Amino acid sequence: MFTAQDYKKGQPRWCPGCGDHFFLASLHKAMAEIGVAPYDTAVISGIGCSSRLPHYMATYGMNTIHGRAAAIATGCKVANPRLTVWQVSGDGDGLAIGGNHFIHANRRNIDLNMILLNNRIYGLTKGQYSPTSPRGFVSKSSPYGTVEDPFRPAELCFGARGHFFARAVATDAPGTIDILKAAYAHKGSSVCEILQNCVIFNNGTHDSVYSKEGRAKNAIYVQHGKPLVFGENNEYGLVQEGFGLKVVEIVKDGYTLDDVLVHDAHCEDNTLQLKLALMGDGDGFPIALGVIRDVEAPTYNDAVEAQIEEVKAKKPYHTFAELLETNDIWEVK
Amino acid sequence: MADTLEVKELDQVVVRFSGDSGDGMQLAGNIFSTISATVGNSISTFPDYPADIRAPQGSLTGVSGFQVHIGADQVFTPGDQCDVLVAMNAAALKTQYRFAKPGAAIIIDTDSFGPKDLEKAQFKTEDYLGEMGIDPDRVIACPLTTMVKDCLAESGMDVKSILKCRNMFALGLVCWLFSRDLDIAFNFLREKFAKKPEVAEANIRVIQAGYDYGHNTHSSVANVYRIETTHKVPGRYMDITGNKATAYGFIAAAEKAGLKLYLGSYPITPATDVLHELSKHKSLGVTTVQCEDEIAGCASAVGASFAGALGVTSTSGPGICLKSEAMNLAVIMELPLVVLDVQRGGPATGLPTKSEQTDLLQVLFGRNGESPMPVMAAISPTDCFDAAYEASKMALEHMTPVVLLTDAFVANGSGAFRLPNLEDYPAIRPPYVPEELKGSWTPYMRAENGTRYWAIPGREGFEHILGGLEKDDKTGAISTNPENHDLMTRKRAQKIANIPVPDLEVLGDKDDAELLIVGFGGTYGHLRAAMEEMRQKGHKVAMAQFRYINPLPKNTAEVMRRYPKVVVAEQNMGQLAAWLRMKVDGFVPYQYNEVKGQPFQTSELVASFSKLVNS
């Protein structure tokens, strides 16, 4: 049995109030609850504020190069599938310079727990807009506002045929721990988007859900098999209308609890899951938190191992010396 | 009349098969070299194929060639010019005739020399032989397509499948020229098409028809050659290409080290065959991942090494540019990694299918920061095996990325490979962290030779974090301390400098040469052939071919200074010369530089070196 302390190392150097502090504490706790030994765990990050995280882990790990964490984690997991691999990136690391690796890790469905700490800004380079900054966002590199649309991480994950997507707010420890445990339990690539505040360069970016009160008003915790209700007294619900979703006030609007959609995270078709994941962009919908999609599918690393076993059983050569004998050989005496 | 035919005894002969890229010239050439190797001839082959995926049929750009050099004695190169040229169409004759020796026999398919074919090949008249100045007496002009169609008329095959057998007719004809035993070819085809016996039989019938045609019409050819075997090293042999030998070297090294072999790669000409070959051998536990890009190929191999595998990534020039960053990560994290660079013509996309040695300075220096990295270069197709084995051993034992350079010529060429016995190869012993250091170990503690210890995830008590940021020598924590960075930089450099490599070997007139020929990697065969030819002419010449480029052999400076004249010959604008001038004080060699994308021509080397000796 391990405690959170067993996964802790060093003194984090993030700015006071940075969302990364909250997330790190939740990760330590989640790992202790999961119970995989620190020596069987690898934490691999790229470059950026959040990518400093492995240095505060008493596990194996690497704080690598910008954008490549998913690719490096891929090699690590495929070469040594016994390891539990956590891959940690920020929005710049994971979705800008590392976007290609992000989508392909999802497509291949490698058993990686992929953490995306999203503060919608480049912090380490002191405040440039990131691929998740909203259109018109004013930053040091966009003094007149950006003229481009952001990525929405869930959309990218789903577009890459991702099978697991969950979201939590960094300050919400129980919510974060829940999705981390679910990501570990999910076999295959699991993306956890952590909404995280940068106090220096993008303060307040997730204000609507950063406090408990805010979440009560502006977020919906989705749970598989449970009706999609929210509000301080669960007085609101989501219903399907036409091709879209609609927020209704139960009873008042003439709807009963039976009319409210029941969340299905295991549904192969991701249409409604995507609608849930994209809610809350100032559109009158709550922001969805929790495990939005969690669908079983064959993992790349298992398939690689299975194929090796299958070919081993089929082919008569298993050593280098035996391999040589499979060629056309002649003898010179 | 076959009985009265004079068989010309040559000690070596070069055959070039050429045709449309879809004509199967490579297969015909491969079978011919296999047959020749089987009777004990030395062989060296060189495919010369177009960059276009499939250029228009019959066009000049769509011609591909496959050259086979067979000899009774050792052959070092695929030969400069051919004794027999097979040209399956007008475009092939037009583009490939320049590779034929004066007096070479030329086999053409007259069915592919119609008005349209001639127009596509940009002939001006119907007298194509006259236009090119070819003596018709040297030409075996045969309605090859018609005969193949007739031969398979009863087979029930469709026309397209029948036409695919044209290459076998040409092969049969060549086999007749060299008195080759067709049974070997038949067996080869029966094995290759084991699942399609009807295809095998059709091909066999066509080979026989080609052979018989040669037999029946021999009066039209002046010379018939036969190769006799005189030189043999006893042992069991197989034919192997450089790329396959490289793949085998990695497999052998991983097995010897008791580690999983992981290849992260992205398809790129001319390195892709290494990925193909390793992908086949899952029964040996080889893991290959075809990555999303070159970057991921290298990065994932670094991840695999961290996790305790032999991480390898394979590529060619443009890919090296993309891998540089992750290679550097392996430098600072001090993890084993082998980076295979099968060099091709550059810059940028350059000449993807052609051979050059233009990546040397890139792999030595093409990274940010002080980034020392061992570099090796394989000297022949069969040497690729040993070179890959040694590069892996070096990476694993010294905890460093190692670059292995080959090139398109070495990678695609082939030679007779004496089957190695792994027991004869040196053990591979990575510096695993000793158990007794548990509790006191930090990631940058070093063994006596300066190598960092390797702690593989899964071992309790050795949890640690590596990374791209500079680390403290003692604690392994991130450090920006100026003294520490200076110290770590020196330690990384010293670690590479400490790697023992064998002395540079001097061949030829090592005691009294007037001229030392120096090269590296894949030019070995041509430089050696040039040296032998000059010595036969009475010159005193020696040569030294570098396999180890960083660190250089300890006797490098001594050898470079030993001879009155030194010429560094390379397929670039002087990259090895520049490296040697940097490393050997006051050394100013002559240079022979050529960047044509083609292998050296021995005759040109001899002409140039002779001038140097006589000057």
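Select P551(B) to begin: this residue of the predicted model sits in the loop of chain B that runs between β21 (548–550) and α19 (556–562). The peptide bond from N550(B) to P551(B) is cis, and its omega is near -5 degrees.

Next, stay in chain B and select P347(B). The loop that holds P347(B) lies between β13 (337–343) and α14 (360–365) of chain B. Display G346(B) as well. From G346(B) to P347(B) the peptide bond is cis, with omega near 0 degrees.

The tour now turns to backbone phi angles. Select Q122(B), which is placed in the loop between α3 (115–120) and α4 (128–132) of chain B. Although Q122(B) is not a glycine, its phi is positive, at about 60 degrees. Is Q122(B) buried or exposed? Q122(B) counts as exposed because it has 11 C-beta neighbours inside 10 Å, and the cut-off for an exposed residue is 12 or fewer.

For the last stop, move to chain A and select R120(A). This residue is found in the loop between β4 (112–118) and β5 (121–122) of chain A. R120(A) is not a glycine, yet it has a positive phi of about 60 degrees. How many C-beta neighbours does R120(A) have inside 10 Å? There are 24, so R120(A) counts as buried; the cut-off for a buried residue is 20 or more.

Note on methods:
Residues numbered from 1 in each chain as written. Chains lettered and ligands numbered in written order. Predicted model: local features only at pLDDT ≥ 70, side-chain atom pairs only at ≥ 80, totals over all residues. Helix = DSSP H or I, 4+ residues; strand = E, 2+ residues; numbered from the N terminus.
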